[in-house]
Amino acid sequence: QVQLVESGGGLVQAGGSLRLSCAASGRTFSNYVMGWFRQAPGKEREFVTAINWSSGNTYYVDAVKGRFTISRDNTKNTVYLQMNNLKPEDTAVYYCAAVNVGNNYLLRTRRDQYHYWGQGIQVTVSS
């Protein structure tokens with residue numbers, strides 16, 4: 001059974017940085033796409049970024065391009081989300097997600113394309 005556990009959230013001032021971690025277990029993840037989503041109060045859960053574990057290809061939504069970086073550590077089975085220059089509008093619960101894509105290198109950006117989810121972690125950016 002795939003298990004995803006997020007850590008690293010918290011409260012930070014605008015302009016600050018946080019690094020989220022997603023520890024993945026239960027599978028070999030070389031055929032997986034890993035994604036980060038976020039959900040602000042009263043809003044739908046939205047895609048933020050994704051990485052193909054095997055190829056390292058990444059994709060970001062425009063709102064976070066140049067500020068957020070997704071990466072993975074194969075030795076630790078962990079995906080990271082480095083968030084710099086945080087803004088109050090980045091405040092949300094952040095979720096790690098995973099989907100087995102086999103040999104398909106296409107990334108996934110829709111919530112319904114992901115099969116496994118972490119429990120979520122709060123990120124609050126104060127102005």
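Arginine 67 is placed in the loop between β6 (58–60) and β7 (68–73), where strands are DSSP runs of E with at least two residues, numbered from the N terminus. With a relative accessibility of 8%, arginine 67 counts as buried; the term buried denotes under 20% relative accessible area, exposed over 50%, and partly exposed the range in between (1.4 Å probe, protein chains only). When residues up to four places away in sequence are not counted, arginine 67 touches Gln82, Met83, Asn84, Asn85, Leu86, Lys87 and Asp90, a contact being defined by heavy atoms within 4.5 Å. The model is a predicted one, in which local features need pLDDT of at least 70 and side-chain atom pairs count only at pLDDT 80 or more, while totals for chains, interfaces and linings use all residues. Residues are numbered from 1 along each chain as its sequence is written, and side-chain values use heavy atoms, with hydrogens and water left out.

The protein contains eleven strands and zero helices, the latter being DSSP runs of H or I with at least four residues. Its order along the sequence is accordingly written β-β-β-β-β-β-β-β-β-β-β. The radius of gyration is 14 Å, which agrees with the value near 14 Å that a compact globule of 127 residues would have; this radius is taken over C-alpha atoms, and the globule rule is 2.2 Å times the number of residues to the power 0.38. Along the principal axes, the C-alpha atoms fill a box of roughly 45 × 25 × 25 Å. Of the 127 residues, 44% count as buried. Among contacts between residues at least 6 apart in sequence, 60% join residues at least 24 apart.

In soluble globular proteins, nonpolar side chains tend to be buried together. The largest nonpolar core here has 30 residues, of which Met34, Trp36, Met83 and Tyr94 touch the most other members; such a core is a set of buried Ala, Val, Leu, Ile, Met, Phe, Trp, Tyr and Cys residues joined through side-chain atoms within 4.5 Å. At least two residues of this core are supplied by each of β3, β4 (32–39), β5 (46–52), β7, β8 (78–83), β9 (92–100) and β11 (121–126). A second, separate core comprises eight residues, among them Val33, Phe37, Phe47 and Tyr114.

Methionine 83 is in contact with Gly16, Ser17, Leu18, Leu20, Arg67, Phe68, Tyr94 and Val123, leaving aside neighbours within four places in sequence. Leucine 81 is located in strand β8 and is buried, with a relative accessible area of 0%. Apart from neighbours within four places in sequence, the contacts of leucine 81 are Leu18, Arg19, Leu20, Trp36, Thr49, Phe68, Thr69, Ile70 and Tyr94. The C-alpha atoms of leucine 81 and tyrosine 32, which are 49 residues apart along the chain, are separated by 17 Å.

Serine 21 belongs to strand β3 (residues 18–25) and, at 15% relative accessibility, counts as buried. Residues up to four places away in sequence not being counted, serine 21 touches Val5, Glu6, Ser7, Trp36, Thr78, Val79 and Tyr80. A separation of 11 Å is found between the C-alpha atoms of serine 21 and glycine 118, 97 residues apart along the chain.

Two asparagines adopt positive phi values. Asparagine 77, in the loop between β7 and β8, has a phi near 50°, a positive value in a residue other than glycine. Asparagine 77 is partly exposed, its relative accessible area being 24%. Asparagine 85, in the loop between β8 and β9, is likewise not a glycine and has a positive phi of about 50°. Asparagine 85 has a relative accessible area of 42% and is partly exposed.

The protein exposes about 6,400 Å², of which carbon and sulfur atoms supply 44%; accessible areas come from the Shrake-Rupley method with a 1.4 Å probe, and for residues only the protein chains shown count as cover. There are 13 positive and 8 negative side chains, and the centres of the two sets lie 5 Å apart. Lys and Arg count as positive and Asp and Glu as negative, without His and the chain ends, and each charge is placed at NZ of Lys, CZ of Arg, CG of Asp or CD of Glu.
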